[in-house]
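I opened this entry to keep track of what I looked up, item by item. The structure comes first, and my notes follow.

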Amino acid sequence: MLFNRVQLQPLQSYVCFQMVSAVEREIVSLRDRVKRNYSYVCGLMVMLVKICESRKGLEVFSLRNGLLIILSELLLFAPQIVQLQTIETMSTLLKHFKPNTFDCSQFMHNILATIAKAIVLQIKDKITRKISSQKMETHASDVPQYWRIDRQINAETAHLLVKFVEDITTSKFTENWANAVKTELANTIMQLAQFVTLNSSSSSNLIEPSVADAVSRTAQSLKTSQFWLSVASLALISDPKWLEFAPLWRTLKARRSQEPDPLCENHDDGQTLAHFRCEVCLTNLCRECFTILHLNKTKK
Ligand SMILES: [Zn+2]
Ligand SMILES: [Zn+2]
């Protein structure tokens with residue numbers, strides 16, 4: 001034998017360390033278009049998976065916490081076949097990382113941005129009553145460059161990615177991972193809520209905005225990339241209780257519980273509870289009234 005066991009251990013660690021560095025360097029040069037051939041990075045991912053399966057050098061991974069983030073970035077611009085391999089690689093590697101030891105937000109942000117590219121929304125214009133299909137690439141105007149909106153993702157890849165996130169949230173990895181991802185999803189949704197409320201309070205502190213104002217504000221939020229991230233998160237949340245993971249949700253809930261429950265302003269009978277708030281009419285309505293007519297006290 002060329003090496004004994006004691007000598008072999010540090011050598012294996014060294015090789016693993018170099019491999020992780022190579023993956024990182026390779027993804028950066030593919031991202032910056034210095035390189036266009038993906039075969040080397042695919043070969044490296046195969047080796048990463050083999051290392052994981054043989055359980056050697058795993059402690060090295062925990063020292064290189066950026067690995068999962070850079071792999072998730074690869075999803076944003078790689079061709080489909082590479083995206084599929086990346087999802088598989090992340091599924092194998094995930095359990096060897098602890099979510100609290102690296103920037104889990106960035107990791108989820110990349111995954112949500114990739115899923116958002118595949119989302120098609122039917123948007124109904126309440127005034128013209130026209131329904132149109134919208135995608136992030138045609139609708140959002142502030143998409144960060146590194147999301148590479150020019151690189152598409154097909155439905156099959158998006159479904160696999162959704163399945164990957166579901167595996168995490170249903171605790172197929174660890175409970176810590178499930179909670180970390182639920183927190184990220186909840187925070188992403190609450191960021192949109194914050195955007196809409198901040199917008200409305202800045203434009204109308206005391207004076208109610210006109211209908212046109214309110215409509216344009218809603219249309220504005222559709223044009224943000226944050227909106228599309230929130231829609232992707234909504235698609236991944238399977239229990240409203242997960243929102244409890246977001247600090248902003250807990251704050252709003254605590255504030256709300258001090259106030260009396262809102263009543264339907266259309267019923268106006270002092271007992272029918274409201275389930276929705278129409279931001280256009282600035283009216284609280286019950287389920288039934290929301291689908292039919294929006295009248296508040298002042299308009300009656
Ligand atoms: Zn309304
Ligand atoms: Zn009602």
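**Two helices side by side**

I looked up helices H5 and H8 and found them roughly parallel to each other, a label that applies to angles under 35 degrees, while over 145 is roughly antiparallel, 65 to 115 roughly perpendicular and the rest oblique. I noted that this is a predicted model, in which local features need pLDDT of at least 70 and side-chain atom pairs count only at pLDDT 80 or more, whereas totals for chains, interfaces and linings use all residues. Residues are numbered from 1 along each chain as its sequence is written, chains are lettered from A and ligands numbered from 1 in the order in which they are written, and side-chain values use heavy atoms, with hydrogens and water left out.

For H5 (residues 80-93) and H8 (residues 155-169) I read a packing angle of about 10°, with the axes 10 Å apart; the axes are lines fitted to C-alpha atoms, for helices over the stretch in contact, and angles run from 0 to 180 degrees between N-to-C directions. Helices (H or I, at least four residues) and strands (E, at least two) are DSSP runs, numbered from the N terminus.

I then listed the contact, which means heavy atoms within 4.5 Å: H5 gives Gln 80, Gln 83, Leu 84, Ile 87, Met 90 and Ser 91, and H8 gives Glu 156, Thr 157, Leu 160, Leu 161 and Phe 164.

Thr 86, which is found in H5, is buried at a relative accessible area of 0%, where buried means under 20%, exposed over 50% and partly exposed in between (1.4 Å probe, protein chains only). Beyond residues up to four places away in sequence, I saw Thr 86 touching Met 45, Leu 71, Leu 74 and Leu 75.

Phe 77 sits in the loop between helix H4 (66-74) and H5, and I noted it as buried, at 1% relative accessibility. Its C-alpha atom is 5.6 Å from that of Arg 151, although the two residues are 74 residues apart along the chain.

**The zinc ion**

Which protein atoms are the donors of the zinc ion (ligand 2)? I found Cys 264 (SG), His 267 (ND1), Cys 286 (SG) and Cys 289 (SG), at 2.0 to 2.4 Å; donors are N, O and S atoms within 2.8 Å of the metal (3.2 Å for Na, K and Ca), and water is not among the atoms, so sites may look incomplete.
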